[in-house]
Amino acid sequence: MTQDRQDRQSQDQRQSPGRSSRKRAEPRRIVVAVSAGIAAYKVPELVRELTRAGHAVRCVLTPRATHFVSPLVLETLTGHPASSSLFGTATPGSSDTTAAEIDHIALADWAELVIVAPATADLLARMTAGMADDLVTAVLLATRAPVLVAPAMNVNMWEHPATRANLETLRARGVRTVGPDAGELACGWEGQGRMSEPVAIAAAASLALGSDSLSGEVVLVTAGGTREPIDAVRSLTNRSSGRMGFAVAAEAARRGATVVLVAGATALPTPPGVRRVDVGSALEMRDAVLAELPDATLVVKAAAVADFRPANPQDRKIKKESLAEGGGIQLELVPNPDILAEVCRLTKEQGSHRVIVGFAAESHDVIESARRKIARKGCHLLVANDVSRSDAGFDVDTNAVHFVSPDGEVEDLPLLSKDEVAAHLLDRVAKIRDGLR
Ligand code: CTP
């Protein structure tokens, strides 16, 4: 049986019989190529992230990488040999060199994506030169699949003009990169050179793979802040840029979904393949969401909806001269409807299998507040972010979120780009969907 058929069969066996008439997405085939850096100790966690996302994984190592991570661990996690040799398998006692000799071509052809993690300065140099003197470089030279590298090295090696030039060449050839992060390095130096966290590499892998995992789904996304009118020219709004919701809409479209994006206040361009409905106030957003809801199979509510609106917005501009000399104005605010809670209630009443995701902007007690919020709203997943951080939440390109489930279980994600958070989120959504239908 081919590796491909084995993967599909084992995936089929994991489905509970009679539970779902929907065909699950095929596992994607990923080769993880490990080079000899201390960060190799994170590779088992990366393999677990990838298999948890439903991918089929094979590992290959450079001979020296076996000093940093045990092939046996990788074999156990993947259920397949983790070889480090072009000539003869790394399995002790094996003398079958013929099988191993064709392995690099078979693996290179099998892969839909090759991830190099960690990618040392030496390996990047050998990739750039097109060398094929060990199993890892041979697979990399022979594959036609996209390649994602996760560099990890000493900061001076990272900043060396040779490494810079190598990366430039590799990127020009279409090789993607994730990281490295900055921080304390194993060599004792501080700076850029730490391999990205496994969860970030897995999210970048999802982006690199693309997929049709959401084909047939109609995804309704809300994004941006609402604008609550005070008078003809003024409004109450918030700092939301809409980037997180736009990233979710873009990624859902890349995964083959029909996407409707209900957008509040934002300056962002519409992502390709997405139908956009612009709204201003929370009441307008509610109307637009309820109009689109009947067709929606997945809902992601990333919008920052104002909880209150001015009770008596004025049609005309409020003029200072209409106020008493030096006097202020009192704004009376009334509560806005909770759109997410309403969507959850309607979905439940309809007995629908629609998957609903909410976001939570919290400035303190992030997890506990999010747990209470998901119980109150009734959605399938809550993405909680700490908006008090300067590198996460409002108006930045990165986000550090926690996925909170209805049973209170929490998955913490490290600081990721909003595109990576979107990829990770939609992996989770697809799994929730598979569990419901
Ligand atoms: N939300 C909504 N309608 C509202 C308020 C919020 O649909 N009137 C949605 C948001 O789009 C988000 C989730 O509810 O998905 C949580 O929003 P958040 O502002 O964090 O929470 P609130 O419900 O407003 O509660 P609080 O302000 O007390 O934290």
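**Notes on the domain interface**

1. Domain 1 and domain 2 bury about 840 Å² between them, and 66% of that is on carbon and sulfur atoms. Buried area here is the accessible area (1.4 Å probe) that two parts lose on being put together, summed over both. α2 (43-52) and α9 (198-209) each give at least two residues to the side of domain 1 that touches domain 2, and α9 has the largest share of that side, with 6 residues. Helices are DSSP runs (H or I, at least four residues), numbered from the N terminus.

2. Keep in mind that this is a predicted model: local features need pLDDT of at least 70, side-chain atom pairs count only at pLDDT 80 or more, and totals for chains, interfaces and linings use all residues. Residues are numbered from 1 along each chain as its sequence is written, and side-chain values use heavy atoms, with hydrogens and water left out.

3. Where are the domains? Domain 1 is 28-208, and domain 2 is 218-307 + 328-436; the bounds come from an automatic or database domain assignment. Their C-alpha centres lie 35 Å apart.

4. As for who touches whom, 11 residues of domain 1 are in contact (heavy atoms within 4.5 Å) with 12 residues of domain 2.

5. Between the two domains there are 0 salt bridges, counting a side-chain nitrogen of Lys or Arg within 4 Å of a carboxyl oxygen of Asp or Glu.
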